[in-house]
Amino acid sequence: MKATVYTGERSVELEEVPNAAIAECSDAVVDIEYAGVCGSDLWTYRGQGAAAPSRIGHEFVGTVREVGSEVSTVKPGDWVIVPFRYSDGTCRYCQKGLETSCIHGGFWGRESVDAGQGEAACVPYADGTLIKALPDGSRPDESLMASLLTLTDVFTTGYHAATCSGIRSGDTVVVVGDGAVGLCAIMAARLLGASRIINAGSRHEDRQLLAKACGADDVISVRGDDAVKAVETLTSGTMPDVVLECVGSAQSFSTAISMCAPGGSVSYVGLPHGVDIDVKSLFYKNITVTGGMSPAHHYIAKLLPKILDGSINPGLVYTKEYRLDDIATAYDDMDNRRTIKPLIKVS
């Protein structure tokens, strides 16, 4: 079968690899239909993540082809959502809704043989990992595919940022970051009752327009100290009680802390790179820092009905569709901001 392999800095290639196959009785093989390219994939693509060569991709959905003898919750033919980390569903962390810390879990392409940007994948702990989009396992309408794909990572990550922050109805919320996670965080903040949402750091018109389509009331194009001053002006000096950090850079994290009001919270879901937190600033302002890696599996059951009934459409963040054969172009386009987030049609 074909699968995407990270081969070195700014290089991915579609290669022939061994066919996905059942290895343990708790496994399932999923034929991948749609996949996404994530911002964390870009960190690897830019030479700041997994070592080459390695399989890559962790956002995918598709149809179950085969199951191991102990699998009971899915069967061949079921259409499933695959969270960005696999989990056993039974350990104490899974039972707490923290599947990303599963004792036996892992990340696609690192702790597993297969990954998400390929024709198929063997899914460990299928009962604890796979989620049917519809109770009978049937395939949802094609128009919902992009939004359902966001549940594997990007929308559940934005939702995690909003949920951890403790947003209350009527709050003013600032979202730092104009990538797909930031856009999803805007949508999630609105879903949780924020009355005013400010998106900070967007210098690209397409992202600014999409931020407003996702629910932002104001968009600030400046960054750093200038962004802090702009937020101060927009809030008449009160500053927001909630800031969602959705980038992971040193500047974005510092900006988020600087623009948060005393007693407020900064919720971060951007994968941190080079971040050095000013703990004294947190101390003197009594700012709570929360967030972290999203337990996507935990949120899917709650968010899935809202996608199925059309209440939310997070699939908006996929701004261009590519074939699997064009995966290298998809990465290059995302890296150079020619698209916000690529949608990969595999089959």
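Guide: On a 1 Å grid over the protein atoms alone, a cavity is a set of points where a 1.4 Å probe fits but cannot get out, and lining residues have an atom within 4 Å of a point. A volume is the space filled by probe spheres set on the points, which are joined across faces, edges and corners. This model is predicted, so local features need pLDDT of at least 70 and side-chain atom pairs pLDDT 80 or more, while totals for chains, interfaces and linings use all residues. Residues are numbered from 1 along each chain, and side-chain values use heavy atoms, without hydrogens and water.

Visitor: How much space lies in the largest cavity?
Guide: The lining of the largest cavity includes P83, F84, R85, P295, A296 and H297. By class, this lining has 4 nonpolar residues (Ala, Val, Leu, Ile, Met, Phe, Trp, Tyr, Cys, Pro), 2 charged (Asp, Glu, Lys, Arg) and 3 polar (the others, Gly among them). The space in the largest cavity is about 50 Å³.

Visitor: What volume does the second largest cavity have?
Guide: Among the residues lining the second largest cavity are M1, A3, R55, D114 and A120. Its lining divides into 5 nonpolar, 4 polar and 2 charged residues. The volume of the second largest cavity is about 30 Å³.

Visitor: What is the volume of the second largest pocket?
Guide: A pocket is an open set of grid points with protein on both sides within 12 Å along at least five of seven lines. The second largest pocket is lined by residues including A23, Y86, D114, C122 and Y125, and its lining has 6 nonpolar, 2 polar and 4 charged residues. The volume of the second largest pocket is about 160 Å³.

Visitor: Which residue in β9 is the bridge partner of D31?
Guide: Strands here are DSSP runs of E of at least two residues, numbered from the N terminus, and two strands pair if DSSP finds at least two bridges between them. Strand β3 (residues 28-36) is joined to β9 (residues 120-123) by 4 bridges, and the two run antiparallel. The partner of D31 in β9 is A120.

Visitor: How many of the residues of β3 are buried?
Guide: Buried means under 20% relative accessible area, exposed over 50%, and partly exposed in between (1.4 Å probe, protein chains only). Strand β3 runs antiparallel to β5 (residues 59-67), with 8 bridges, and antiparallel to β18 (residues 342-345), with 3 bridges. Strand β3 is mostly covered, and the buried count is 8 of its 9 residues.

Visitor: Which residue in β2 does A3 stand opposite?
Guide: An open sheet of 3 strands has the order β2-β1-β4, with antiparallel pairing. Its edge strands, β2 (11-16) and β4 (54-55), each pair on one side only. Strand β1 (residues 2-8) has 6 bridges to β2, where the residue opposite A3 is E15.

Visitor: How far is the sulfur of C164 from the closest cysteine sulfur?
Guide: A disulfide is a pair of cysteine sulfur atoms within 2.5 Å, and the count is 0. C102 is in no disulfide, with the sulfur of C94, the nearest, 3.7 Å away; C102 is buried at 7% relative accessibility. C164 is partly exposed, at 27%. Its sulfur is too far for a bond because the closest cysteine sulfur, in C246, lies at 11 Å.

Visitor: How far apart do the end C-alpha atoms of residues 8-344 lie?
Guide: An unreviewed UniProt entry lists these residues as "domain: Enoyl reductase (ER)", and such annotations may be inferred rather than shown by experiment. The span is 31% helix (DSSP runs of H or I, at least four residues) and 22% strand. The distance between its end C-alpha atoms is 21 Å.
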